Each structure stands twice: as C-alpha cells, then as structure tokens.
Amino acid sequence: MKILGIESSCDETAAAIVENGGCILSDVVNTQIDIHKLYGGVVPEIAARSHIEVINPVIDKALSDAKLDWQDIDGVAVTYAPGLIGSLLIGTLAARTIAVLKNKPLYAVHHVEAHVYANFLSEATPDLRAKYIALFPNAPKFPMLSLIISGGHTQLVLFRNHGDYELLGETQDDAIGEAFDKVAKIIGFPYPGGPSIAAAAQKGDPNRYNLPKARLSGKYDFSFSGLKTAVLRSVQKTVRVDINFPSTKLATKLTQQQRYDYAASFQKTAVATLIDKTSLAFSEYRPKSLVIAGGVAANQALRDELKRRLPIEVHCPPVNLCTDNAAMVASLGYFYALKNHTQDPFTLDVRPSLSMTKTRW
Ligand code: KG4
Ligand code: ZN
C-alpha cells in the first residue's frame, strides 16, 4: 500500500510517498528557515503564503521522485492538527482536493503523533522493498514509551499499540525546542536555536554555569521557562547589567568562550531534565521499546546520554526525519488505512490546538 503524506503545519512544506508504513519511496521537504531567520522565528502569515507557492510543485516532485503516477497511490494522509492555522489549511486543502479529484481515501493525522512514526521509517532499497510485506523487523515494539520533543511540544506518551496511547506528562510552559530557540537568542546564536546551540556546545564547558532543573508536582511534567530565565539572569550577572538592559544586546557583551559555555551548560541541564523524567517513566511502565521523536531528537548529546543512562536500546530516527517531514505523516496514514479510519474530504477541518491526550482510534 502506497500512501502520499502531506505536511504543512509550521514552516516546512513537505510531501512524501511511503510504502507499507515504513519504506520511503520519496521524501520532499521545502523549508522556509532562511525566510524566517530574518525575523528570528516563524512569522505565521509569511509561512502560509510560502506554503501556497510551493505545495503543488512539492507534491508533484514526491510523485516524480518515486517514479509513480496517481493511479499507484492508495491514499492521502495529511496533518490537520496541531499547528499554525494558515499553514495547516494549505496542506489540508491540497489533500482534500486530491482525495476528491483522484478519488482516494483521506487520512487526517495528528502532527505530534506522526513525529513518533519517524521511528518506523527506513529508506527504500530494492532488497528491502522486496521483503516489505510487513514492517521491518527492527521496528519499535509495543508497549512503546515515546519522548516527543519539538519546537511546540514536550511530552512523554505511552503507546500500547497503534492508535492506543496515553499522555503521561507534558510541558507546563515552554516546549524544549522553544527553550533552545529562546536561549540561542539571548546568547547570540542564529535561529533555529537547537542546531546552533548543539554546535556551540561542543566548544564549551558544560559545568561552567550552574543552571537549575525545574521541580514540578506532576510526576512526568516538564517546565523549561524557568531554565530560560535562569540563563537570562546568569548572563545579566556575568556582564554586570540589570534587568532593564535590552536582552537583544546581551550577547554582544559576552566573550565567544562565554557564549559557548552558556550553550553547553544550558544543553546539559535541558538534556538531564528530559532524561530524568524518561528514566522514571521507563522504571514505572517497563516498555518493550523507547523512542525519541521531534526536532530536538536530532540532538546528539541527548542521544548519547539516553543510551548511557537507560538500560534499553533507544530508537532514534535518522536526523533528517526528526524535524518536520511528510514521510512520518504517510507512515502514520498507513496504520489509519489498515483500520479504515478515513475522513470525509468535503468536511475535514483543521484543529490548530488539538493536543494528544488519551486516544484510541
Ligand atoms: O519538530 P520540529 O521540526 O517542528 C515542530 O513541530 O516544532 O522541531 C523544531 C525544533 C526547533 O525548536 C529546533 O531548534 C529544534 O527542533 N532542533 C534541535 C536540533 N535540531 C532542531 N534542538 C536541539 N538540538 C538539535 N540538534
Ligand atoms: Zn514537528
């Protein structure tokens, strides 16, 4: 079964074709990072306009890269929630139109849930395709504990099976990726902050600045806004200015080495916070697999530390599949297709703030 996935929830316009939920036949991502970099973050109106410009060529390229025609496609999966409303509308309208005009079943998937399915994907090789009747043998097993860490989400979710999951805990304020992005601004590294902080941290001393881990009443909940403020206050102290000094100018007062040391110290504390909670959930639920997902799952320090601290093999998606893409959407769409969980293309609406709670589909 070949599913076309479409993703446009934030600042990536993406289309991909995936066979049987795991085998990538094509994977096209048009990122708007260079546009939004000028503003230090995503500008929703610009994002929506840019999606309109490229959505059709991106979908055409997904088909041509896979050397397929419309008649080869068995269904269309699209991200309908959550995300920026203007951005979600473009992908959803494209998918609805295709479903009607080409007479294909439509599957509406949750973006955050789709991130987890990056762990079920692998590149198509002729050998793999030949054997690809069922999922590949090293696919994560259920129950599967997933740490979902992106620019908009930070949550621990226990999947008992496909479509049967429970939210164990989530951030009470900033998402972890958001914290990386905000701290990068304070210490003067470009957007997106995750990759630039990770690169800077390699040249810094993670023990130079002592930053606090948040304590919360919810056993598996997270908080990152306090950590971001702790960086801000520490930088203000280091450069000897008070809280009235403009935060956009703070970085110019730091030395290059201090900026690297802040990057490393922040990353160490952020990673330790994520691992403490994951490790606690692992001990309580004893899952058969542990997966990480979302843009921040690309972070190498996190991957190394998880492997060091947890007594189980951790599934990490390939780095290019951690950030937003449509292959993960197509993979999840396949499991919807197996359960015949279709949507009416004439009525499907977007759900910009739908969270992933307890669900069984
Ligand atoms: O999943 P994603 O592409 O978009 C959302 O759904 O939010 O995640 C984007 C986030 C950004 O905040 C970015 O700074 C972060 O992922 N990110 C990273 C790394 N690569 C991307 N954070 C830490 N380390 C990285 N290597
Ligand atoms: Zn995402």
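Ile 35 is partly exposed, with a relative accessible area of 34%. The model is predicted. Ile 35 sits in helix α1, which spans residues 33-37. Together with Leu 38 and Tyr 39, Ile 35 makes a nonpolar surface patch of about 340 Å².

Two strands pair here in the antiparallel sense, over 6 bridges: β8 and β9. Their extents are tabulated below.

| Strand | Residues |
|---|---|
| β8 | 154-161 |
| β9 | 164-170 |

Across the pair, Phe 159 stands opposite Tyr 165 in β9. The hairpin has 2 residues between the strands. Gly 163 takes a positive phi there, near 75°.

**The whole chain**

The protein chain holds 11 helices and 12 strands. How does its radius of gyration relate to that of a compact globule? For 361 residues, such a globule would have a value near 21 Å; the protein chain has 21 Å, so the two agree. Along the principal axes, the C-alpha atoms fill a box of roughly 65 × 45 × 35 Å.

Of the 361 residues, 56% count as buried. The protein chain exposes about 15700 Å². Carbon and sulfur atoms supply 51% of that area.

Note on methods:
Residues numbered from 1 in each chain as written. Chains lettered and ligands numbered in written order. Predicted model: local features only at pLDDT ≥ 70, side-chain atom pairs only at ≥ 80, totals over all residues. Heavy atoms only, no water. Patch = residues over 30% accessible without salt bridge, like charges linked within 9 Å, V, L, I, M, F, W, Y side chains within 5 Å. Areas by Shrake-Rupley, 256 points an atom, 1.4 Å probe, with all protein chains shown as cover. Salt bridge = Lys/Arg side-chain N within 4 Å of Asp/Glu carboxyl O. Helix = DSSP H or I, 4+ residues; strand = E, 2+ residues; numbered from the N terminus. Buried < 20%, exposed > 50% of the residue type's maximum accessible area, 1.4 Å probe, protein only. Pairing = 2+ DSSP bridges. Rg over C-alpha atoms; globule rule 2.2 N^0.38 Å.
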